[in-house]
Amino acid sequence: GGFIIMESTTTGAWTLTNSGATGYAEFADIDRSTVSGSAFTADSSIDQGTNVNWSFTGVVKKWIGTDSNWSSTANWDPAVIPGTTDSVIIQSGYTTPLTGANREMANLEIEAGATLDIQGNDLTITNTFENQGTLKRYGTASSITETVNKTDIDSGTVYYYNSGTTI
């Protein structure tokens with residue numbers, strides 16, 4: 001299965017009129033829309049941006065890395081860069097770099113045999129973190145410079161790299 005695509009056929013926005021109670025959509029890929037009337041909740045859906053009066057809950061996004069660019073849609077299934085309400089899975093067999101910027105997501109799972117290399121960027125996980133694989137963190141001689149706000153103390157491996165002799 002796939003997502004139901006809900007977008008304008010032009011560059012302009014489209015409007016959904018909801019005259020009843022709060023509306024509900026599931027497994028939708030929504031872009032450039034406005035809900036008039038009562039709000040809509042889009043569960044397990046993709047917010048492509050510029051949507052008004054929608055409430056999105058997360059989608060599970062799996063790294064399928066064709067290259068090392070976190071911000072490339074080609075590296076994700078479904079083909080959308082993870083957002084703050086999404087759940088991210090780094091699949092076994094992949095080394096995934098957290099390139100270019102700090103990242104926030106709802107849930108993160110690093111599968112056994114997978115590696116997430118955060119390359120000095122901050123990583124914020126608002127709900128759950130499950131590490132069965134490897135997390136790589138970086139610092140300087142005196143401190144770890146990036147922040148990871150969750151830990152998984154019963155499984156997985158965390159490597160700390162630094163540019164000095166001690167952390």
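User: What does the accessible surface of the protein come to, and which share of it belongs to carbon and sulfur atoms?

Analyst: About 8500 Å², with 48% of that belonging to carbon and sulfur atoms. Keep in mind that this is a predicted model.

User: How many helices and strands does the secondary structure hold?

Analyst: Zero helices and 19 strands. Of the 167 residues, 38% count as buried. As for contacts between residues at least 6 apart in sequence, 27% join residues at least 24 apart.

User: Why is the pair of W63 and W70 called stacked?

Analyst: Two numbers settle that one. The ring centres are 6.3 Å apart, and rings pair if their centres lie within 6.5 Å, so the two rings count as a pair. Their planes stand at 25°, and planes under 30 degrees apart count as stacked, so stacked is the word for W63 and W70. A search of the whole structure finds five aromatic pairs. Ring pairs also link F40, W54 and F56 into a cluster.

User: How do you know whether W63 and W70 are buried or exposed?

Analyst: Buried means under 20% relative accessible area. W63 comes in at 1%, and W70 is at 1% too, so both tryptophans count as buried.

User: Which residues have the most contacts inside the largest nonpolar core?

Analyst: W70, I90, L108, I110, L116 and L123, in a core of 17 residues. Strand 11 (87–90), strand 14 (107–110) and strand 16 (123–125) each supply at least two residues of this core. Apart from it lies another core, of nine residues, including I30, V35, F40 and W54.

User: What makes strand 14 and its partners count as paired?

Analyst: The cut-off is at least two bridges between two strands. Strand 11 and strand 14 have four bridges, in the parallel sense, while strand 14 and strand 17 have three, also in the parallel sense. Both sets meet the cut-off, so both count as pairs. Take I110 as an example: I110 in strand 14 is the bridge partner of I90, and N131 in strand 17 is the bridge partner of I110. E109 has E130 of strand 17 as its bridge partner.

User: What makes N53 partly exposed?

Analyst: N53 is at 32% relative accessibility, again between the 20% and 50% cut-offs, so N53 counts as partly exposed. Its place is in the loop between strand 7 (46–47) and strand 8 (54–56). N53 has a positive phi of about 70°, although it is not a glycine.

User: And why is A101 called partly exposed?

Analyst: Its relative accessible area is 30%, so A101 lies between the cut-offs. A101 belongs to the loop between strand 12 (95–97) and strand 13 (103–105).

Notes. Residues are numbered from 1 along each chain as its sequence is written. This is a predicted model: local features need pLDDT of at least 70, side-chain atom pairs count only at pLDDT 80 or more; totals for chains, interfaces and linings use all residues. Side-chain values use heavy atoms; hydrogens and water are left out. Buried means under 20% relative accessible area, exposed over 50%, partly exposed in between (1.4 Å probe, protein chains only). Contact means heavy atoms within 4.5 Å. Accessible areas come from the Shrake-Rupley method with a 1.4 Å probe; for residues, only the protein chains shown count as cover. Rings of Phe, Tyr and Trp (its six-membered ring) pair if their centres lie within 6.5 Å; planes under 30 degrees apart count as stacked, over 60 as edge-to-face and the rest as tilted. A nonpolar core is a set of buried Ala, Val, Leu, Ile, Met, Phe, Trp, Tyr and Cys residues joined through side-chain atoms within 4.5 Å.
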